[in-house]
Amino acid sequence: MYIEEGSIRFLYVTATNPAVSLPELARIRALLQQDRLFLVVQDIFLTETAQLADVVLPAATWGEKTGTFTNVDRTVHLSEKAVEPPGEAKSDLDILIDFAHRMGLEDKDGRPLVKWSDAEGAFEGWKECSRGRPCDYSGMSYAKLRGGSGIQWPCNEDNPDGTERIYVDGQFWAQPDYCESYGRDMITGAPVEETEYRAMNPTGKAVLKAAEYIGPHELPSEEFPFQLITGRTLYHFHTRTKTKRAPQLDAAAPEVWVEMSASDATDRGWTEGDVLEVTTPRGRVRARLRISGIRPGVLFLPFHYGYWDTKDGSQPKKKEAGRAANELTLTDWDPVSKQPIFKTAAAQAERVASGKGTPAPAPTTTGSAPVTGTVPPTRGGDSARAQELVGGTA
């Protein structure tokens with residue numbers, strides 16, 4: 001990592017919370033707290049990453065700013081500002097425009113690099129960037145986007161109302177003369193050269209690559225007999241900076257838990273709700289046990305739970321047990337996508353306290369459903385519990 005080496009001395013973080021979402025969190029916290037690194041965080045809440053920042057820039061959330069967004073089906077929508085942002089908060093775009101102007105950023109001709117002053121101007125600039133490419137927005141405008149329920153790219157002179165279907169009649173954007181890049185080697189991540197691509201796909205057909213299986217870099221052992229996987233729950237998004245604040249969602253999945261198979265729990269004499277300490281070579285997490293339908297030899301932890309909503313909001317010191325699953329995951333990534341590999345850690349589990357009949361705070365409506373004992377069903381956060389969480393009465 002370039003920050004670790006010292007070649008990156010300034011880091012600007014926006015729209016993400018790496019102090020919870022990246023693997024091997026003790027290492028990540030150490031990197032972000034280096035004296036030689038100047039960290040700027042732009043966010044709507046004081047996240048775990050923002051708590052480590054030298055400067056925090058308060059940003060506006062979606063209802064407090066105007067802009068477009070594109071769905072996975074290529075439909076572009078316009079989201080209009082509904083309310084003014086609180087205090088000194090500004091939209092991400094306004095903050096970045098102000099930053100560019102203050103830094104005096106210029107283009108190759110010596111003119112201001114950022115030539116627009118609002119969201120619509122930025123959209124007009126993007127339209128020109130996209131012209132002639134697969135995601136062509138050049139035929140769109142804010143006025144057209146206000147007139148219906150979205151427009152699908154490509155939208156241009158040939159398709160003024162957008163394009164419902166692409167790849168019709170077996171036509172793809174894969175011709176060697178049209179491609180801007182030619183893919184990567186699935187094992188090494190090295191870019192494929194143009195000559196190699198032309199030989200493989202001279203007619204520009206769709207290319208389906210089979211990914212060869214590569215074994216995990218960390219296997220279970222006598223010391224760490226379980227395979228740890230991490231993942232998501234239906235009721236929370238990412239690091240819960242917003243979903244935790246929705247009483248019904250919080251009531252449905254209020255705290256981290258760890259899942260284990262019934263056979264593994266029986267072999268150890270453990271029951272639903274027991275407090276376990278899960279350990280890997282990188283850290284420790286404490287969580288209540290949910291005995292679920294997971295396969296034997298595997299542990300599951302949801303990754304959403306950080307520290308901003310704990311009693312004092314502090315993050316764990318070295319060797320302290322935390323509750324963020326990424327205290328345990330290892331630094332490894334896919335060579336093509338560069339995405340971290342979160343599902344290959346070897347782990348150990350020990351019981352540190354009896355559950356005393358209290359079930360794990362895991363949902364019962366999803367893959368986390370219990371397979372033993374009587375556990376009250378999750379209702380997505382009933383009204384009485386929701387009122388209790390926000391300080392009211394049922």
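Is L113 buried, partly exposed or exposed? L113 counts as partly exposed, because its relative accessibility is 42%, a value that falls between the 20% under which a residue is called buried and the 50% over which a residue is called exposed. The structure in which this residue sits is a predicted model, and the sections below describe the whole protein before turning to some of its parts.

## The protein as a whole

The protein has 394 residues, of which 41% are buried, and its secondary structure consists of 11 helices and 12 strands. Taken along the principal axes, the box filled by the C-alpha atoms is roughly 70 × 55 × 45 Å, while the accessible surface comes to about 22,100 Å², with 53% of that area belonging to carbon and sulfur atoms.

Among the contacts in the protein with a separation of 6 or more, 63% are made by residues 24 or more positions apart.

Helix α5 itself has 12 residues and reaches 16 Å from its first C-alpha to its last, which is close to the 16 Å expected at 1.5 Å a residue. The buried residues of this helix are I95, I97 and A100, and the elements that cover them include the strands β1 (10-14), β2 (38-43) and β3 (55-58). After α5 comes G104, which has a positive phi near 65°.

## T280 in strand β9

T280 belongs to strand β9, which runs over residues 275-280, and T280 counts as buried because its relative accessibility is 3%. A polar atom of the T280 side chain lies 2.9 Å from the backbone oxygen of L328.

## Salt bridges

A search of the whole structure finds 27 salt bridges. One of them joins E327 to R29, with the closest N and O atoms 3.0 Å apart; this pair links distant parts of the chain, since E327 is in the loop between β11 (298-302) and β12 (345-353) and R29 is in helix α3 (residues 25-32), 298 residues apart. Both partners, E327 and R29, are buried.

A network of salt bridges links R240, K244, D250, E255, D309 and R323. Within this group, the side chains of K244 and D250 meet at 3.3 Å, N to O; K244 counts as partly exposed because its relative accessibility is 21%, whereas D250 is buried, with a relative accessible area of 5%. R323 and E255 form a salt bridge whose closest N and O atoms are 2.8 Å apart, and this pair also links distant parts of the chain, with R323 in the loop between β11 and β12 and E255 in the loop between α9 (247-252) and β8 (257-261), 68 residues apart. Here R323 counts as buried at 9% relative accessibility, while E255 is partly exposed, with a relative accessible area of 30%.

Definitions and conventions. Residues are numbered from 1 along each chain as its sequence is written. This is a predicted model: local features need pLDDT of at least 70, side-chain atom pairs count only at pLDDT 80 or more; totals for chains, interfaces and linings use all residues. Side-chain values use heavy atoms; hydrogens and water are left out. Buried means under 20% relative accessible area, exposed over 50%, partly exposed in between (1.4 Å probe, protein chains only). Helices (H or I, at least four residues) and strands (E, at least two) are DSSP runs, numbered from the N terminus. A polar contact is a pair of N or O atoms within 3.5 Å; within protein, one must be able to donate a hydrogen and the other to accept it, and residues adjacent in sequence count only if both atoms are side-chain atoms. The expected span of a helix is 1.5 Å times one less than its number of residues. Contact means heavy atoms within 4.5 Å. A salt bridge is a side-chain nitrogen of Lys or Arg within 4 Å of a carboxyl oxygen of Asp or Glu. Accessible areas come from the Shrake-Rupley method with a 1.4 Å probe; for residues, only the protein chains shown count as cover.
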